[in-house]
Amino acid sequence: MWNVTDWQKVVFSDESRFILGTDDNRVWVLRRPGERYNSPHTVLRHTARTAGVMVWWAIAYDSRYTLIVMRGTLTGQRYVDDILRPHVGPFLNGLPRAIFQQDNARPHTERVAQDFLRQFQTLPWPARSPDLSPMIS
């Protein structure tokens, strides 16, 4: 069982995409079986790419990292080149015995990202589990 001292070593990280418009192309509808295409349950919508911005941030018990704004699609290689190598590595090296936490987003689980993170202690994270990060997501 972890205590407060253990949790104080964890560096929580997360990224979020913010849509610069009114529609993120997600529509949630509750319906009964067989009602899938009934007209009251369908919505016409714009399906082209919507402008947005993705941000990444990390916090620890007594420190935080600067908000990083990312452009384009985040891949495993971009995650390493744009986030892990220039930001996470130096941040973790400055925190003794830090444990890095990230969710299992696709770029995080790609081999290139996992290979980079082998040099750091990471908090194991089950697939499809909710965020533990105290940041809003």
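Student: Asp115, then: buried, exposed or partly exposed?

Tutor: Partly exposed, at a relative accessible area of 37%. Keep in mind that this is a predicted model.

Student: Okay, and which side chain does Asp115 meet in a salt bridge?

Tutor: That of Arg118, with 2.8 Å from N to O. Arg118 is exposed, its relative accessible area being 62%.

Student: How many salt bridges are there?

Tutor: The count is three. Besides the one between Arg118 and Asp115, there is Asp82 with Arg78, and also Arg85 with Asp81.

Student: How far apart are the closest N and O atoms of Asp82 and Arg78?

Tutor: 3.1 Å. For Arg85 and Asp81 the figure is 3.0 Å.

Student: Why are Asp82 and Arg78 separated by about one helical turn?

Tutor: Because they sit four residues apart in helix α2. Arg85 and Asp81 are also four residues apart in α2, so about one helical turn lies between them too.

Student: And how accessible are those four, Asp82, Arg78, Arg85 and Asp81?

Tutor: Asp82 is partly exposed at 30%, and Arg78 is partly exposed at 25%. Arg85 comes out at 48%, partly exposed, and Asp81 at 35%, also partly exposed.

Student: Which residues of α2 are buried, then?

Tutor: Gly76, Tyr79, Val80, Ile83, Leu84, His87, Val88, Gly89, Phe91 and Leu92.

Student: Where does α2 have a kink?

Tutor: At Leu84, and the angle is about 55 degrees.

Student: Changing topic to rings. How many aromatic pairs does the structure hold?

Tutor: Five. One of them is Trp2 with Trp7, at 4.6 Å centre to centre and 55 degrees between the planes, a tilted pair.

Student: Why is the pair of Trp56 and Tyr65 edge-to-face?

Tutor: Their planes are at 65 degrees, with the centres 6.0 Å apart, so the pair is edge-to-face. The cut-off for that label is over 60 degrees.

Student: Is Trp56 buried or exposed?

Tutor: Buried, with a relative accessibility of 1%. Trp2, on the other hand, is partly exposed at 36%, and Trp7 counts as partly exposed at 36%.

Student: Which residues do ring pairs link into a cluster?

Tutor: Trp2, Trp7 and Phe12.

Student: Last thing, confidence. What pLDDT does the chain average?

Tutor: It averages 83, and 74% of the residues score at least 70. Where pLDDT is low, the predicted coordinates should not be read in detail.

Technical notes. Residues are numbered from 1 along each chain as its sequence is written. This is a predicted model: local features need pLDDT of at least 70, side-chain atom pairs count only at pLDDT 80 or more; totals for chains, interfaces and linings use all residues. Side-chain values use heavy atoms; hydrogens and water are left out. Rings of Phe, Tyr and Trp (its six-membered ring) pair if their centres lie within 6.5 Å; planes under 30 degrees apart count as stacked, over 60 as edge-to-face and the rest as tilted. Buried means under 20% relative accessible area, exposed over 50%, partly exposed in between (1.4 Å probe, protein chains only). The bend at a residue is the angle between axes fitted to the seven residues ending there and the seven starting there. Helices (H or I, at least four residues) and strands (E, at least two) are DSSP runs, numbered from the N terminus. pLDDT is the predictor's confidence in each residue, from 0 to 100. A salt bridge is a side-chain nitrogen of Lys or Arg within 4 Å of a carboxyl oxygen of Asp or Glu.
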